[in-house]
Amino acid sequence: MAIGVAVASFFNEAEEPARLHIERILQKLRKMAALVATQSGDLSDAEVEGSQIHRESGPVLKLRLQVEELLAQYPRPRRRLSLEGSGSEYVFETKEAEIADGLITLYDKGLLDRLRDCEGDRCGKCYFARPNQQRCSDRCRHKKIEQTEHFKSYRALYAKEQYWNAVSRGLRSEIKNLSRSREDHKTKAELEERRKAALEKAEAAKRKREQLKDGKP
Ligand SMILES: [Zn+2]
């Protein structure tokens with residue numbers, strides 16, 4: 001949908017106040033679409049007969065008039081005739097006027113929700129999404145996957161660290177409970193050895209985890 005892409009890049013590139021005008025129309029159209037959607041779900045058959053009137057009552061009517069008034073501020077587009085006798089185009093005086101008209105097209109086709117702000121880390125770019133598209137670009141999408149992987153490794157290292165610390169604590173209490181007999185003396189040396197190894201593993205996991213936290217691979 002070329003106009004969807006054009007609207008999205010307008011939001012990314014246009015300066016104020018043009019961007020704010022368009023933003024205002026978009027917000028009103030979105031509100032209107034949401035209201036109409038909830039109202040038509042509640043209509044009884046009798047109401048459907050005069051549905052245009054019912055759906056327009058109150059807030060919807062108000063929004064429609066506001067949008068129409070905002071649109072009326074733009075000069076009417078000219079017609080450029082096609083030589084083939086079909087496919088004559090509208091020519092808008094300004095980009096802003098063309099985008100405002102584009103918003104109406106998106107509204108008519110129920111595509112306003114496909115106009116999204118990217119939730120990628122420090123991105124926020126406006127884009128016209130394909131169904132199910134979550135980020136503005138492959139770059140942003142990969143960044144998201146990387147972050148997820150990063151978080152998974154971090155969590156795994158943390159679990160490892162906790163585990164080896166718990167093992168070490170268990171060994172320590174075993175050591176404490178030993179008597180001074182010769183046999184226990186031998187066991188104690190073994191347990192100390194194992195405890196040392198557990199502590200080293202916990203320490204290694206902690207070091208790696210802290211590196212991850214600092215953003216190192
Ligand atoms: Zn993005």
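Modeller: A residue is buried if 20 or more other C-beta atoms lie within 10 Å of its own, exposed if 12 or fewer, and partly exposed in between, with C-beta atoms placed from the backbone. This is a predicted model, in which local features need pLDDT of at least 70, side-chain atom pairs count only at pLDDT 80 or more, and totals for chains, interfaces and linings use all residues. Numbering runs from 1 along each chain as its sequence is written.

Colleague: Which residues of H1 are exposed?

Modeller: Ala2, Asn12 and Glu13 are exposed. Gly4, Val7, Ala8 and Phe10 of H1 are buried.

Colleague: What makes the span of H1 close to the expected one?

Modeller: The expected span is 1.5 Å times one less than the number of residues. H1 has twelve residues (2–13) and reaches 16 Å from first C-alpha to last, against an expected 16 Å. Helices here are DSSP runs of H or I, at least four residues, and strands are E runs of at least two, numbered from the N terminus. The protein chain has eight helices and four strands.

Colleague: Why is the protein chain called more spread out than a compact globule?

Modeller: The globule rule, 2.2 Å times the number of residues to the power 0.38, is set against a radius of gyration over C-alpha atoms. For 217 residues the rule gives 17 Å, and the radius of gyration is 32 Å, well over that, so the protein chain is more spread out.
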